[in-house]
Amino acid sequence: MSTLRHAQPLEQVAVPAAAPRLANGAWRPAELLFWLLPVAAYLVFPEHLLLINQMMIVGLFALSLDLIVGYARIASLGHAAFFGVGAYTAGLLSVHGWGEPLSGLLAAGLAAGLFGLSVSFLVVRGGDLARLMVTLGIGMMLYELANRAAFITGGADGLSGMAMHKLLGLFEFDIYGRTAFFYILAVLVLVFVLMRRLVQSPFGLGLLGIREGEKRMPAIGADVRRKLVIAFTISATAAGVAGGLLAQTTQFVALDSLGFHRSAELLMILILGGTGRLYGALLGAIVFLLAHHFLANLNPVYWQFWIGLLLIVIVLFARGGIMGGLDVLHRRIALLRDKGGR
């Protein structure tokens, strides 16, 4: 009775603010429709399969970067290092007689993941500027090592002489990219589903907490450095898988797979699509490569001018990249519908 007598009125009780909730994992219709686009492109544009395959590989590569940039806020200018490790691992295995695609791809991801784990302790120690410099330095060092070790990597001439076995012992890699298309699409879907599940898990929620307030997370008992190391290692593994796919489907590994230009271009793709959204990485890859393809055909010399203009427009008028712009558009349409319904 005394408890009831001294209880505060309901309107005077402070109600805590709503805490972030885990996503229920349900797939929205728009997501399912998005994954039908590659199949539609395969049927409608069979003569552009090589470009479509490249889009999916770059999308997977950008997806790996989004995990650390968009969710863990680890700035990186050397992510191509892990892409190149995966590409050279798959390529060297094939050159030396191990051309089985699935095991070679698994080895590419493992090699890149182990390398990412070994350097992650250096990357996560500093702030944003330090992380940029450390990742850039790692990428530059690995690039020069591959260039000097030409007797292994082929140096500036690239690694050639690869011979891939039939996929699952049934499907041969053809010059038109048909087998490669379904192979890349299957791997991309699998990695995306795993990434989606990861960012919607308590671990992903912890990464968002680190992104929004890294210095506050230890106050609730979160091991920030451990989470960042795990995220960085997973990101490196996914980048290695993307590199392995490129090596296996083109049967060639160029030295620039480790270059700074590839890392910088990847960061542009991610900013273009929108960070911290997963689909932004895929949309950024599609838009960037389509623009690159058509603008380079129109003007092979000055196409970068138009790419730069596109980036400026997106940054200035679509906060959060393409995905951010689509979110704003969706909210405005919903608002207009509400007003129309009244």
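User: How far is the charged end of R196 from the centre of the W27 ring?

Analyst: This is a predicted model: local features need pLDDT of at least 70, side-chain atom pairs count only at pLDDT 80 or more, and totals for chains, interfaces and linings use all residues. Residues are numbered from 1 along each chain as its sequence is written, and side-chain values use heavy atoms, leaving out hydrogens and water. A charge sits over a ring if NZ of Lys or CZ of Arg is within 6 Å of the ring centre and within 35 degrees of the ring normal. R196 sits over the ring of W27 in this way, and its distance from the centre is 4.0 Å.

User: Which residues are linked with R196 in a network of salt bridges?

Analyst: Side chains of opposite charge can pair when their charged atoms come close. A salt bridge is a side-chain nitrogen of Lys or Arg within 4 Å of a carboxyl oxygen of Asp or Glu. The network that holds R196 also holds R28 and E31.

User: Is E31 buried or exposed?

Analyst: E31 forms a salt bridge with R28, with the closest N and O atoms 3.6 Å apart. Buried means under 20% relative accessible area, exposed over 50%, and partly exposed in between (1.4 Å probe, protein chains only). R28 has 55% relative accessibility, so R28 is exposed. E31 has 6%, so E31 is buried.

User: How far apart are the closest N and O atoms of D174 and R178?

Analyst: D174 is partly exposed at 27% relative accessibility. R178 is partly exposed too, at 41%. These two form a salt bridge, and their closest N and O atoms are apart by 4.0 Å.

User: Which residue meets R262 in a salt bridge?

Analyst: R262 is partly exposed, at 22% relative accessibility. The N to O distance of its bridge is 3.7 Å. The partner side chain belongs to D256.

User: What angle lies between the ring planes of F34 and W35?

Analyst: Rings of Phe, Tyr and Trp (its six-membered ring) pair if their centres lie within 6.5 Å; planes under 30 degrees apart count as stacked, over 60 as edge-to-face and the rest as tilted. The whole structure has 14 aromatic pairs. F34 and W35 form an edge-to-face pair, 5.4 Å centre to centre, with a plane angle of 90°.

User: Which residues form one aromatic cluster with F34 and W35?

Analyst: F34 is buried at 13% relative accessibility. W35 is buried, at 13%. Their cluster also takes in W27, F192 and Y279.

User: How wide is the arc that the buried residues of α3 cover around the axis?

Analyst: Helix α3 spans residues 37-44, and P38, A41 and Y42 are its buried residues. The arc is that of the directions from the helix axis to the C-beta atoms. These residues lie on the same side of α3 because their arc is only 100°.

User: Which exposed residues does the opposite face of α3 carry?

Analyst: Contact means heavy atoms within 4.5 Å. The buried residues of α3 pack against α2, α4 and α9. The face turned away from them carries L43 and V44.

Terms used
Helices (H or I, at least four residues) and strands (E, at least two) are DSSP runs, numbered from the N terminus.
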